[in-house]
Amino acid sequence: MFLSAGLLLAGPAAATNYNTSDARAHGGWHSLALSLGEARHFRALDQHSYSDSLFSVNASAGACDLPWLELRVELDAYQPESATVNRVPADLRVDYETIHSGHAAFVTERGDRGFYVRIALPELDLLLDEMADGELLRLRLMRGEDDPWFMAFDLTGAGEAIARMQRLCGQAVR
């Protein structure tokens, strides 16, 4: 079953209602296009690993070579303000491949029930290549010195979803 529109639309301007198109299933992942006026974004997302969370790989038309990772966790209440509430170290690893270390920003968006974790990594292209062939993506966020937050995401279909997201993005700028 496909995620609710609210989770699918979560992203670049979360409280804004984007139009979705070109949605396609790839195992436990999906690929789709988001648009609002001239803004066009493309997403590959895992919808099966957690009932309240969504992990996605995203790209924007005109900047397809600068994808970003985002985790959205559903909250109980709508957020009263947009804010970056914390920045923490983040590590991601596919199966037993490279440990990718970077940082994550914890963000809330006014009028949205999501809590966003926007992850930046220096070798994102390598991670995406590993995700295409891997089985499990592990994420560790260090909320404090002795306070890790662990999550794991099934990668069944991730390679196809990411490749299609990249194709859709590339076609949008032609």
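Predicted model: local features only at pLDDT ≥ 70, side-chain atom pairs only at ≥ 80, totals over all residues.
1. Overall make-up. The chain contains 3 helices and 10 strands. Their order along the sequence is α-β-β-β-β-β-β-β-β-α-β-β-α. Of the 174 residues, 47% are buried. Among contacts with a separation of 6 or more, 53% are between residues 24 or more positions apart.

2. Helix α3, geometry. Helix α3 runs over residues 158–172, which is 15 residues. From the first C-alpha to the last, α3 reaches 21 Å, close to the 21 Å expected at 1.5 Å a residue.

3. Helix α3, burial. The buried residues of α3 are Ala 158, Gly 159, Ala 161, Ile 162, Arg 164, Met 165, Leu 168, Cys 169 and Gly 170. In an α-helix there are 3.6 residues a turn, so residues three or four places apart point the same way. Ala 158, Ala 161, Ile 162, Met 165, Leu 168 and Cys 169 on the buried list can be read with that spacing in mind. Arg 164 is also on the list, a charged residue among the buried positions.

4. Cover over α3. The elements that cover the buried residues of α3 include the strands β1 (19–26), β2 (29–36), β3 (39–46), β4 (53–60) and β5 (63–74). Helix α2 (124–133) is also part of this cover.

5. The disulfide. The structure has 1 disulfide, formed by Cys 64 and Cys 169 with their sulfur atoms 2.1 Å apart. The pair links distant parts of the chain, 105 residues apart: Cys 64 lies in strand β5 and Cys 169 in helix α3. Strand β5 is also among the elements that cover the buried residues of α3. The torsion about the S-S bond is about -90 degrees, so the disulfide is left-handed.

6. Exposure of the two cysteines. Cys 169 has 0% relative accessibility and therefore counts as buried. Cys 64 counts as partly exposed because its relative accessibility is 25%, and the cut-off for buried is under 20%.

7. Asp 46. This residue is found in strand β3, one of the strands covering the buried residues of α3. Asp 46 is buried but has no salt bridge. Which side chain of opposite charge is nearest to Asp 46? That side chain is Arg 43, and Arg 43 is 12 Å away. The side chain of Asp 46 does make a polar contact of 2.8 Å with the side chain of Ser 49.

8. Surroundings of Asp 46. Leaving aside residues up to four places away in sequence, Asp 46 touches Gly 28, Trp 29, Leu 54, Phe 55, Phe 153 and Asp 154.

Key:
Residues numbered from 1 in each chain as written. Heavy atoms only, no water. Helix = DSSP H or I, 4+ residues; strand = E, 2+ residues; numbered from the N terminus. Expected span 1.5 Å × (residues − 1). Buried < 20%, exposed > 50% of the residue type's maximum accessible area, 1.4 Å probe, protein only. Contact = heavy atoms within 4.5 Å. Disulfide = S-S within 2.5 Å. Salt bridge = Lys/Arg side-chain N within 4 Å of Asp/Glu carboxyl O. Polar contact = N/O pair within 3.5 Å; in protein donor to acceptor, adjacent residues only side chain to side chain.
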